[in-house]
Structure formats: C-alpha cells, structure tokens
Amino acid sequence: MKPDTFKDKIVPVTTILLALVVIWYVAAILMNAPFQRDMDGRAGATPTTLEFIGKTLAQPKPILPAPHQVAQNVYENTFLRSLSSNRSLVYHSWVTLSSTLLGFGFGMLLGILLAVLIVHNRAMDRSLMPWLVASQTIPILAIAPMIVIISYNVLTGDNAVAHLLNLDSDASRLVSKALISTYLSFFPVAVGMVKGLRSPEIMHLDLMRTYYASSMQTFWKLRVPASIPFLFTSMKVAIAASLVGAIVGELPTGAVAGIGSKLLAGSYYSQTIDIWAALVAGSLLAGILVAIVGVAAKIVDRAMGGRPA
C-alpha cells in the first residue's frame, strides 16, 4: 500500500477547516443580524447589504463573534501582552496547564494501578470495574464544586492530612483543581491498560509457561510491553479530558487565573469575543498536549523495535 503523503494528510483537514470557517461566518451574520437591524432602526440608518453584513461582523459584543474577531483577540492577548498580565492567554493557559498536568499524572498512576489490580484479581475485576464505569455517569459539573471545596478545606484545615502534606494556599488550590482532572483522566487510562494487559495471545502466555516464567516475569516481559500501544492511545484521551477537568475545576472556585476564569469573566461582562478566544486557547492547548503524547508514543514504539507505519 502506498504511504500517505503530506499532501494527502493536509488537504482533507484544510478543506474541512475552510468549510467550518465559512459556516461560522454565515452563522455569525444570521445570529447578529436582528440586533444590528434594531440598532439601525433606532439610528434611522439604511445601510446597503454589504454595509449591513460588515456591521454584523464588527459588533463589539456580538452574540456570535466572527472568526477574524476571535483571531485578532487571540493574537493580541497572546503576543502583544506581557506574560504576567491577567489579560494574557499565555498566562491563563499556563495556570490551567499546571493543574492539567498534575491531575493527568495522578490519573495515570491511579488508572494503571487499578488496571493491574483488575487484571490480576478476578474479584477486583467483578467488583471494581462496574463501579469505574458508574463513576463516569455522574455529571462532573454537579460534583466539581463539592470536590474542590472539600479537598481545599481538607488540605488547608487543622487535620492530619494538612499537617502531613504541609501545602500553602496556592498549592492546595492547585491540588484541589487537579483532582477534577484526575477524576476525568483515570478512567480511559484504566480501561486502555486493562485491554492492553489482556492483549497477549494464549500462545504467547503458554510460551512463557513453557519457559517456567513467574507471574511477575510474564507481567513485565509480556503483558507490559503489549500494553504500551493501548496506554498511549488512552493517554491521548486522558490528557484532553484532564484539560477539561482543570477548566471545570476553575469555575466553582472563583479563580482569578486560568482559562476557566477567562470564561467566567467573559460571561459576567458579556464579552463574547473573550469567551471564544479562551475556548480557542483551550482547544489549541489540548491539541498541543495530544500531539506531544503522539510524538512520545512514536519514540517509545521505535525504542521498543516497532516499525514506522
């Protein structure tokens, strides 16, 4: 089979992206038109069709911002602001990224641990797996405030956990938000690792028994290597879910920094362009994180002797 060229990969994506931009512009005109028509009626203005369309795409607080308005906002708040400014998207993205990576690390460790227990213990498989599935049916927006508030009070209160960890207020707030990321990211890792650890064929397991391999040797030399592709695939889902969890965790805390705080501030003051710019920043950040995981997967695959696709 002939391998895909760069053109074969980029043209379909570019075509879909351009189609989405066109649809976005049309939707912006249609959704902003009633307000602009009302404003023109009050001012007694009779603009031409092109002038009217131009006004719908240049409103300061539109119902749906046009793509160029969002792009301009992202550019100004990314490249023309100081990195320490509370208007800088880089600054807010870094705050969200901190809790994202911390929660992702916790989620990975928890997911891998649960997967090992489920694969090696039939009772854990029957009792724990249904609860893992059920945990993902709970609306995260409903429990996020409770998790953040309770965990923050535990980490900063007068109790054994607080004395043991000895975290300051900022670190406690970071860990509290990271727990939401952990909640969303551990499940895909656990499911992927369970599938990966169970992926070796019976013939390979029988071969290990022929070599008189212990269960630990079988685990490290057969099951773990076989599970690596599944792990990285689940990590791509988990890192994106972790970012969503970090943003959700910022919403109930009244955070003054982070992508979630930008969304809240924009909603308070009807700054729809700021809201969409923050959403774009979050999407770009998620894409970068997923791409990094993909690159790491290729490096590990080649280090393990895999052939490039």
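Tutor: We'll go through salt bridges, then aromatic pairs, then surface patches. One thing to keep in mind is that this is a predicted model.

Student: Okay, salt bridges. How many are there?
Tutor: The count comes to four salt bridges. In general, side chains of opposite charge can pair when their charged atoms come close.

Student: Which residue does Arg42 pair with?
Tutor: Arg42 forms a salt bridge with Asp38, at 3.2 Å from N to O. Both sit in helix α1, and because they are four residues apart, about one helical turn separates them.

Student: Is Arg42 buried or exposed?
Tutor: Arg42 is exposed, at 69% relative accessibility.

Student: Why does Asp40 count as buried?
Tutor: The relative accessible area of Asp40 is 7%, and buried means under 20%. Lys55 has 32%, so Lys55 counts as partly exposed.

Student: Are Glu250 and Lys177 buried or exposed?
Tutor: Glu250 is buried, and Lys177 is buried too.

Student: New topic: how many aromatic pairs are there?
Tutor: There are three aromatic pairs in the structure. Trp24 and Trp276 make a tilted one, with 5.2 Å from centre to centre and 35° between the planes. That pair also links distant parts of the chain: Trp24 is in helix α1 and Trp276 is in helix α12, 252 residues apart.

Student: How exposed are Trp24 and Trp276?
Tutor: Trp24 is partly exposed at 21% relative accessibility, and Trp276 is partly exposed at 30%.

Student: Tyr75 and Phe79 pair up as well, so why is that pair called tilted?
Tutor: Their ring centres are 5.3 Å apart and the planes meet at 40°, so the pair is tilted. Planes under 30 degrees apart would count as stacked, and over 60 as edge-to-face.

Student: How far apart are Tyr75 and Phe79 along helix α3?
Tutor: They are four residues apart, so about one helical turn lies between them. Tyr75 is partly exposed at 46%, while Phe79 is exposed at 61%.

Student: Let's do the surface. Which residues gather in the patch of positive charge?
Tutor: That patch on the surface is formed by Lys9, Lys236, Lys298 and Arg302. Lys9 is in helix α1, and at 56% relative accessibility Lys9 counts as exposed.

Student: And which residues form the nonpolar patch?
Tutor: Met146, Ile150, Val154, Val161, Leu164, Leu165 and Leu167 do, with about 630 Å² of accessible area together. Helices α6 and α7 are the elements that give two or more residues to this patch.

Student: Where is Val161 found?
Tutor: Val161 is in helix α7. Val161 is partly exposed, with 40% relative accessibility.

How values were computed. Residues are numbered from 1 along each chain as its sequence is written. This is a predicted model: local features need pLDDT of at least 70, side-chain atom pairs count only at pLDDT 80 or more; totals for chains, interfaces and linings use all residues. Side-chain values use heavy atoms; hydrogens and water are left out. Patches are made of residues with over 30% relative accessible area and no salt bridge: like charges are joined within 9 Å, nonpolar side chains (Val, Leu, Ile, Met, Phe, Trp, Tyr) within 5 Å. Accessible areas come from the Shrake-Rupley method with a 1.4 Å probe; for residues, only the protein chains shown count as cover. A salt bridge is a side-chain nitrogen of Lys or Arg within 4 Å of a carboxyl oxygen of Asp or Glu. Lys and Arg count as positive and Asp and Glu as negative; His and the chain ends are not counted. The place of a charge is taken as NZ of Lys, CZ of Arg, CG of Asp or CD of Glu. Buried means under 20% relative accessible area, exposed over 50%, partly exposed in between (1.4 Å probe, protein chains only). Rings of Phe, Tyr and Trp (its six-membered ring) pair if their centres lie within 6.5 Å; planes under 30 degrees apart count as stacked, over 60 as edge-to-face and the rest as tilted.
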